[in-house]
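Here are a few notes to read with the model open beside you. Take them one at a time and find each residue as you go.

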Amino acid sequence: MQRLPKASYLLWSFFIIYAFLWVLTPSLVRFVTPMDSTEGAMWGQVLQWGYPRDPWFNALLTKFALWVSGDQDWSVYLLSQLMVLLAIWSVWRLGRIILKNDYLALVAVIILVAIQYYNLGVVDFNDNACELGLWPLMFLYFYRSLTTNRLKHWLYLGVIAGVGMMAKYYTAVPLVTMFLFMLFDKSNHCFFKEYKIYLALIIVFAISTPHAIWLFVYDFVPIQFSLSVLHRSADTASLFTKHFGYGIDFFFAQIGTFMGAVAVFLFGYFGKVKNNKLNDKPVISQYDHRFLFYVGIAPFLLTVLISMTTGWRIYTMWGIPLLSMWGVILLAWTKPVLTKAKVYRVMFVAGLVTVLLITGYSISLSRSKTSSANYPARAIAKIMTESWHERYHTPLRYVAGYNRPVSYMARYSQDRPEGLIDFNPALNPALNMKDLREKGAVFILIPQMEGHNHFSKEILNEYPNLIITPFQEVKWERAKPDQKPMRFQIAYLPPAHLTK
């Protein structure tokens, strides 16, 4: 009988094809990038230590990817898949250590493709996608630090944790549970007596310090934004909904999301073993069980507890980084005995799930009348930019409007203007309003994307020199026969020297 290929060969053969397909598919079926990716590209045009919605890591990566690719959208989809591959590699390495068998570790990561967070959920590259890659890597080096106590592992841990915080503040949740593991597990107390953990903490603070200074300078804008999002639903919800309903919804949303992985796993759990087994039942130490709880389950439970305590509504997709270790936990709990047939079944079903998801995703976008995939944003940005050039014969430096229209115009205009979000300087505090008034700007309304269909009195009073033009229309990409075109209105704030 032909031997089963090495687990590492199967792993990378599967996931390289997987990543390629999830880069290729959105590149072919989307005319523009999703909103979060587009917004990240807009922010990345001007590098700062912070942005109105997040710290700096997401914007920095997006800027780098677009620079390397010559401003091609596929590079943003590649970023997402690199984060998926980073997560897969980290869980695979940790699974090999804890499960003590390469094929068990292979199954633990293969089943993750049935979780939307590893495919559909990260087509839109954003802070959650960054966490998807960084959290498992952080857990891997946390485990290596605790089990080897080597200085380099503690240093890696400090760097990864610091970068994780600069991807999204939510990284503080697993950092808290990691600290609790060290605090409550007596075998870890010895590390508090050494310098290495404190050196790791210094690295975290060193990476975070420029952003912390930026927060003080710009009045904690991203924290205010995050709190406003969390309180948005809580303001009108009942006491029961706020302190019980939201948390329970999030709890079952994550459990339900993982059920796809469980279903794929069952194809490798049941079946005859005979004499061709690939492993004995794994023996997992109590220490490893406790470790898996604190890094895999505790961040999830702490998130639910925070929601119930504060009344915050935590959105399902914020759970993207929470489930990465659940495959390892599932195998550590069930202790399956694998065979060649079982491994191939799991891989076949995972491949089938991938094909079905890609097919459904492509069909859905091709038929949609409202998806951002079919926004005629490139055409509108071209009209906007060329009309500015014809009027003023200078590059377009600024565009103002509601968040979604401005993000797409800033991303796809050849001049790459900076964005004045919601016509509110406080939402882009680093934007030079004096320079905007000096060099002029385009104000744009695209109601089918976001916002109103007229400029408010406040805007007109603030910018009395606005030259407002009539609404124009552009066909949607893949426009259906009965589909109304996308309407947009441009107003020009002339350069200051033309209004004196």
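1. Start with the aromatic cluster: Phe-142, Tyr-143, Phe-181, Tyr-287, Phe-291, Phe-293 and Tyr-294 are linked by ring pairs. Rings of Phe, Tyr and Trp (its six-membered ring) pair if their centres lie within 6.5 Å. By this rule there are 41 aromatic pairs.

2. A quick word on the source: this is a predicted model, where local features need pLDDT of at least 70, side-chain atom pairs count only at pLDDT 80 or more, and totals for chains, interfaces and linings use all residues. Residues are numbered from 1 along each chain as its sequence is written, and side-chain values use heavy atoms, leaving out hydrogens and water.

3. Now look for charges over rings (NZ of Lys or CZ of Arg within 6 Å of the ring centre and within 35 degrees of the ring normal). Arg-487 sits over the face of Phe-471, 4.1 Å from the ring centre. Arg-411 does this with Tyr-412, at 4.7 Å.

4. Next, the largest nonpolar core, which has 149 residues. Such a core is a set of buried (under 20% relative accessible area, 1.4 Å probe, protein chains only) Ala, Val, Leu, Ile, Met, Phe, Trp, Tyr and Cys residues joined through side-chain atoms within 4.5 Å. Phe-15, Phe-57, Leu-106, Tyr-118, Met-409 and Ile-444 touch the most other members.

5. Which residues does Phe-15 contact, leaving aside neighbours within four places in sequence? They are Leu-85, Ile-88, Val-109, Ile-110 and Val-113, with contact meaning heavy atoms within 4.5 Å.

Conventions
Buried < 20%, exposed > 50% of the residue type's maximum accessible area, 1.4 Å probe, protein only. Phe/Tyr/Trp six-rings, centres within 6.5 Å; stacked < 30°, edge-to-face > 60°.
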